[in-house]
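Dear colleague,

My findings follow it, arranged by topic.

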Amino acid sequence: MTSPPPKPSPRRAKSAAAEIDPQSYAAFVGDLKRKITEARHRASLSVNRELILLYWTIGQDILGRQDREGWGAKVIDRLSSDLRQAFPDMQGLSPRNLKYMRAFAAAWPDRAIVQRVIAQIPWRQNIALLEQLGDAKTRLWYAEQTISHGWSQPILCL
């Protein structure tokens with residue numbers, strides 16, 4: 001007959017003060033705070049990117065319908081009302097914003113550029129670029145600089 005394996009000895013409960021090196025603990029907490037901050041930032045950028053791509057798609061869809069079916073400006077108001085009723089907790093579906101989405105899609109017809117650069121900056125900054133710059137090449141340069149230098153919307157509005 002074989003005997004059962006020996007049970008591991010229970011760990012001794014040590015007092016928290018005896019185990020924690022203040023410098024090591026502070027470094028540990030600092031590292032966790034950095035990781036949490038970076039993850040939250042990445043999550044925020046991901047949400048922003050998805051919203052920008054959604055807004056671009058909505059704008060493209062509106063442009064396509066207007067071209068094919070001759071929709072006028074009143075359709076935007078109705079569309080806004082219907083979408084807000086369907087998604088009452090979602091912001092950004094006002095007639096004004098839907099018109100911005102349409103203008104945004106018209107200004108950036110190439111989805112690849114939107115995905116690669118434009119979706120990396122917040123919607124308000126995209127609107128500022130649209131309102132202030134008529135040239136796509138100049139808008140793209142400012143978008144790239146915004147990403148590189150972390151420019152805020154007020155800086156773009158100067």
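For what follows, a helix is a DSSP run (H or I) of at least four residues, and helices are numbered from the N terminus. Please note that this is a predicted model.

Overall architecture

The protein contains 8 helices and 0 strands, and its pattern along the sequence is accordingly written α-α-α-α-α-α-α-α. Of the 158 residues in the protein, 25% are buried. Among contacts with a separation of 6 or more, 62% are between residues 24 or more positions apart.

A search of the whole structure gives 5 salt bridges. Several of these deserve a detailed description, since side chains of opposite charge can pair when their charged atoms come close.

Which residues are linked in a network of salt bridges? They are Asp31, Arg34, Lys35 and Glu38. The individual pairs are as follows.

- Asp31 and Arg34: their side chains form a salt bridge with an N to O distance of 2.5 Å. Both residues belong to helix H2, which spans residues 22-69, and they are 3 residues apart, about one turn of the helix.
- Lys35 and Asp31: the side chains meet in a salt bridge at 3.2 Å, N to O. Lys35 and Asp31 are separated by about one helical turn because they stand 4 residues apart in helix H2.
- Glu38 and Arg34: a salt bridge of 3.1 Å, N to O, joins these side chains. Glu38 and Arg34 are likewise located in helix H2, 4 residues apart, or about one turn of the helix.

The spacing can be understood from helix geometry: an α-helix has 3.6 residues a turn, so residues three or four places apart point the same way.

Arg34, at 40% relative accessibility, counts as partly exposed. Lys35 is partly exposed with a relative accessible area of 44%, and Glu38 is partly exposed with a value of 35%.

Packing of helices H3 and H4

Two packed helices are described by the angle between their axes and the distance between the axes. For helix H3 (residues 73-86) and helix H4 (residues 95-107), the angle is about 110° and the axes are 9 Å apart. H3 and H4 are therefore roughly perpendicular to each other, given that angles of 65 to 115 degrees are classed in this way. Their crossing is right-handed.

On the H3 side, the contact is made by Ile76, Asp77, Leu79, Ser80, Leu83 and Arg84. H4 contributes Pro95, Leu98, Lys99 and Arg102.

With kind regards

Notes. Residues numbered from 1 in each chain as written. Predicted model: local features only at pLDDT ≥ 70, side-chain atom pairs only at ≥ 80, totals over all residues. Heavy atoms only, no water. Salt bridge = Lys/Arg side-chain N within 4 Å of Asp/Glu carboxyl O. Helix = DSSP H or I, 4+ residues; strand = E, 2+ residues; numbered from the N terminus. Buried < 20%, exposed > 50% of the residue type's maximum accessible area, 1.4 Å probe, protein only. Axes fitted to C-alpha atoms, helices over the stretch in contact; angles between N-to-C directions. Parallel < 35°, antiparallel > 145°, perpendicular 65-115°, else oblique. Left-handed = near helix turned anticlockwise from the far one by under 90°. Contact = heavy atoms within 4.5 Å.
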